[in-house]
Amino acid sequence: MPDQGRLLATGGVSQVEGSGGGGLSSWALITGYGSEDSYGANVFYTRANLPDFELESMGGAVGIGNRVEVSYAKQKFDTGDTGPALGLRQGFTFEQDIIGAKVRVLGDAVYDQDSWIPQVSVGAQYKKASEAELVEALGATDDDGVDVYVSANKLLLNKNLLLGATLRGTKANQLGLLGFGGDQNDDYSLQFEGTAAYLLSRKVVIGADYRTKPDNLGFAKEQNAKAAYIAYFPNKHISLTAAYVDLGEVALQGKQDGVYGSVQLGF
């Protein structure tokens, strides 16, 4: 059985693309609570209700030896009543599958409290959109792509504060749901993800994420995303997250912001 030797909440919650982190940002921390001699795993379900769309993400991840993480996520983007306005059928749903891997290469966020060196991990996510012909008709160059990223996190236990930053190389349009590359740009661009989380108590965390996104498609400008959340960790087997999320303008339908909920179960 896994030893669950790490501190509560140090595995983060499930990021919308499946990796351990905040809701929008990937973290350098490895998912689960397994120590260097053990492992941990989780499954998750996330839903965001927006003015014109609904976004669902579900999947799971495994952390091995507090060193390696492997994850999978299935995303569904339901256009609902907005589908006909986009020339699609009522309730048309974009989907994508995401397979991720992450490796800790430097530092330990918990044990390196006497050092300025953060925990650093490198990762990659292979993404495959479901509607190849449609996303290419919208201007995307491909229906699949690979994001690569490096994340750094510093945990300040004496201040109950976690800070983090991620640099991501990507071609993804709306996280990949609308394909990769486009008529405006078909090159990788470097994007930023920032996170800050404060431990109100041992079991309650508040935080915020900010994420920049590329703007590759001529038909609709893509804007940056942000979220503010509260997460509750009653024990090491479950976490509950509630958030306000703002994805910016999506597919000419104006600002898409709303509530976001996520549950994660693990061992």
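Asp246 forms a salt bridge with Lys255, with the closest N and O atoms 3.7 Å apart. By salt bridge I mean a side-chain nitrogen of Lys or Arg within 4 Å of a carboxyl oxygen of Asp or Glu. Asp246 is buried, at 5% relative accessibility. Lys255 is partly exposed, at 48%. The cut-offs: buried is under 20% relative accessible area, exposed is over 50%, partly exposed lies in between, with a 1.4 Å probe and protein chains only.

A word on the source. This is a predicted model, where local features need pLDDT of at least 70, side-chain atom pairs count only at pLDDT 80 or more, and totals for chains, interfaces and linings use all residues. Residues are numbered from 1 along each chain as its sequence is written, and side-chain values use heavy atoms, leaving out hydrogens and water.

Back to charges. The structure holds 19 salt bridges. Lys102 and Glu69 make one of them, at 3.4 Å, N to O. This pair links distant parts of the chain: Lys102 sits in strand β6 and Glu69 in strand β5 (residues 68–78), 33 residues apart. Strands here are DSSP runs of E, at least two residues, numbered from the N terminus. Both Lys102 and Glu69 are buried.

Next, Lys171 and Asp186, a salt bridge at 3.9 Å, N to O. Both lie in the loop between β9 (161–170) and β10, so the pair ties together parts 15 residues apart in sequence. Asp186 is partly exposed, at 30%.

Now the strands. β11 (residues 204–211) and β12 (residues 225–235) pair antiparallel over eight bridges. Pairing requires at least two DSSP bridges between the strands. β12 also pairs antiparallel with β13 (residues 238–249), over eight bridges. β12 and β13 form a hairpin, with two residues between them. Where do the bridges of Ala228 lead? Ala228 is the bridge partner of Ala208, and Ala228 stands opposite Tyr244 in β13.

Last, Asn42. Asn42 is in strand β3 (residues 39–49). Buried or exposed? Asn42 is buried, at 6% relative accessibility. The Asn42 side chain makes a polar contact with the side chain of Thr31, at 2.5 Å. A polar contact is a pair of N or O atoms within 3.5 Å; within protein, one must be able to donate a hydrogen and the other to accept it, and residues adjacent in sequence count only if both atoms are side-chain atoms. Setting aside residues up to four places away in sequence, Asn42 touches several others, including Ser14, Gly59 and Gln264. Contact means heavy atoms within 4.5 Å.

Notes. Helices (H or I, at least four residues) and strands (E, at least two) are DSSP runs, numbered from the N terminus.
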